[in-house]
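Let us walk through this structure step by step.

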Amino acid sequence: MSVTKRGIFLSKTARSIGVALLLAVVICSSLTIACEAGIETDKSKYKTSENVQLSYNTPDITNGSHKIEIYPKDGTIVYSPGELGNSSNGSITWSDDKAEGEYIAKLFVNGSLYDKCTFTVCNDDIAPTTTYQFSKPQKSDGSYDTGVKLSFTATDNDGGSGVSAIYYWGIQGDNHITYSSPIAFNNPGTYTVTFKAMDKAGNLETVDGKYRTLRFTVTAPVPSPTPTPTPTATPVVTPTLSPTIEPTVTPVPVTQTAHDVSDPMAGTEAVFTAESASDTRANNSPGGIIAVGSIAGIAVIAGAALLVFRRL
């Protein structure tokens, strides 16, 4: 191949690459327009007496037309200006008095739904207020034990449109999460949670133009010391002394009967037996009394010998 032909070949190749790049730019531009096309409002919230401005942008259409219809969120159509022609962009103004509530604006192209957007009509311009609470008490160092849960509650102003949702972020990246249940913190660390509430009128909760932020620390619980058992003292029992009871000695009277005998036996010692009802003397002997004296006489009465004595 000659140099000239080679130059021509390179020139054709360059032109082909240039055309391809130009087509790619055109296609990407078309895709960008298509992605950006649709319907939108000039703001998201209106008062009942305010005008709602709606604008649209679509790819070019040669036949047919555009049409916009406005519906309450749960209701039938409330406004439509009719056919809007085949121009790829345009706008309409809804100036009628409107009831409070959420609305949907739908854009139709050639009779088919192409895009939609939502807006709110409400005289409420006060944002709700959020309160938070931890499930465990704060420790002396200002931290919370692991396992603590954080809960949110929001209330709207009297006569307001009501709370729509509570959002928080900062725990799992920067993604906004719709709050639905208490959030548990099971790992030690320092956390920063940003949160906001929104009412049905679209009012967002802020403080000095900024969303509210909560910063706190979670630490592992300190184990409680094991208590030292206190020894139990054994009571000393003092024995009770029983009093000594001295026996009572009751003297036993001895009844003696004297008899007159004609032949006393003077100076003779004799032992006699006499019955008694009771005898508690220490030197008593069973069945009788031992006595010493001079026998004065002997008498026999009913077969029993009775000695009569006199004292020495």
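Start with an open sheet of three strands, in the order 8-10-13, with antiparallel pairing. Strand 8 (129-134) and strand 13 (183-185) stand at the edges. Each has a single partner strand, so one side of each is left without a neighbour in the sheet. From one strand to the next, the twist averages 25°. Keep in mind that this is a predicted model.

Now look at how strand 8 meets strand 10 (residues 148-155). The two run antiparallel, and six bridges join them.

Turn next to the charged side chains. How many salt bridges does a search of the whole structure find? The search finds six. Three of them are worth a visit here.

One of them pairs K73 with E102, at 3.9 Å from N to O. This pair links distant parts of the chain, 29 residues apart. K73 lies in the loop between strand 4 (66-72) and strand 5 (89-94), while E102 belongs to strand 6 (residues 101-109). K73 has 48% relative accessibility, so it counts as partly exposed. E102 is partly exposed too, with a relative accessible area of 35%.

Another salt bridge joins the side chains of D145 and K139, at 2.9 Å from N to O. K139 is partly exposed, with a relative accessible area of 23%.

Finally, E205 and R212 meet through their side chains in a salt bridge of 2.9 Å, N to O. Is E205 buried or exposed? E205 counts as buried, because its relative accessibility is 4% and buried means under 20%.

Conventions:
Residues are numbered from 1 along each chain as its sequence is written. This is a predicted model: local features need pLDDT of at least 70, side-chain atom pairs count only at pLDDT 80 or more; totals for chains, interfaces and linings use all residues. Side-chain values use heavy atoms; hydrogens and water are left out. A salt bridge is a side-chain nitrogen of Lys or Arg within 4 Å of a carboxyl oxygen of Asp or Glu. Helices (H or I, at least four residues) and strands (E, at least two) are DSSP runs, numbered from the N terminus. Buried means under 20% relative accessible area, exposed over 50%, partly exposed in between (1.4 Å probe, protein chains only). Two strands pair if DSSP finds at least two bridges between them. Axes are lines fitted to C-alpha atoms, for helices over the stretch in contact, and angles run from 0 to 180 degrees between N-to-C directions.
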